[in-house]
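Hello,

Please find the structure below. My notes on it follow.

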Amino acid sequence: MADPQSRASSRAAWWTLPLVRLMVGAVFLSEGLQKFLYPAVRGPGRFADMGWPMPELLANLVGGTEVLCGVCILVGLYTRLAAAGTAAIMTTAILTTKIPIWMGAGFGPFEVRELSQYGFWSMAHAMRTDWAMLLGSLVLVIAGAGPWSADSV
């Protein structure tokens, strides 16, 4: 016989997925739009400063992907696929912009931005949102959209 407490906990966890979708989807929608609204500081200009090749193309591709995935996650449409996309974006961001902060130097074409200090704690501070978005995306990849979603219809 199943433990009623564990069923209640499972049900409660299932109903929290819309909150995870709201958190992850809203952040990616906002960040994607800002790449187009503020291209010099959030879009191609930032990508060029970081050392990315073809910054115009890449920033627009990433921005468009963030907007599309953010909207899909918010409404719960193709949630696992969209969340896999946002997880890939966050993994890339951590590897190319936060690991250099830990190392105190860029690598390959990727520049480290100028900070007052480098090392683990500086990296941990700089990547707090990236880490939360990566883990939130992974929750959605694993668990799916949950209730109140286009996927559940």
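In which loop is Tyr-78 found? Tyr-78 is in the loop between α3 and α4; helices here are DSSP runs of H or I with at least four residues, numbered from the N terminus. Before going on, note that this is a predicted model, in which local features need pLDDT of at least 70 and side-chain atom pairs count only at pLDDT 80 or more, while totals for chains, interfaces and linings use all residues. Residues are numbered from 1 along each chain as its sequence is written, and side-chain values use heavy atoms, with hydrogens and water left out.

Positive phi

Tyr-78 has a phi near 50°, a positive value in a residue other than glycine. With a relative accessibility of 57%, Tyr-78 counts as exposed (exposed means over 50% relative accessible area, buried under 20% and partly exposed in between, with a 1.4 Å probe and protein chains only). Met-54, in the loop between α2 (44-50) and α3, also has a positive phi without being glycine, near 45°. The relative accessible area of Met-54 is 57%, so Met-54 is exposed.

Salt bridges

How many salt bridges does a search of the whole structure find? There are two, a salt bridge being a side-chain nitrogen of Lys or Arg within 4 Å of a carboxyl oxygen of Asp or Glu.

- Glu-66 pairs with Lys-35, with 2.9 Å between the closest N and O atoms. Glu-66 belongs to helix α3 (residues 55-75) and Lys-35 to helix α1 (residues 4-37), so the pair ties together parts that are 31 residues apart in sequence. Glu-66 is buried at 5% relative accessibility, and Lys-35 is buried at 9%.
- Lys-98 pairs with Asp-130, with 3.0 Å between the closest N and O atoms. This pair links distant parts of the chain, as Lys-98 is in helix α4 and Asp-130 in helix α6, 32 residues apart. Both Lys-98 and Asp-130 are buried.

Helices α4 and α6

The axes of α4 (residues 79-103) and α6 (residues 128-143) come within 8 Å and cross at roughly 150°. Axes are lines fitted to C-alpha atoms, for helices over the stretch in contact, and angles run from 0 to 180 degrees between N-to-C directions. The two helices are therefore roughly antiparallel to each other (the term covers angles over 145 degrees; under 35 is roughly parallel, 65 to 115 roughly perpendicular and the rest oblique). Residues in the contact (heavy atoms within 4.5 Å) include Ala-87, Met-90 and Lys-98 of α4 and Asp-130, Trp-131 and Leu-134 of α6.

Regards
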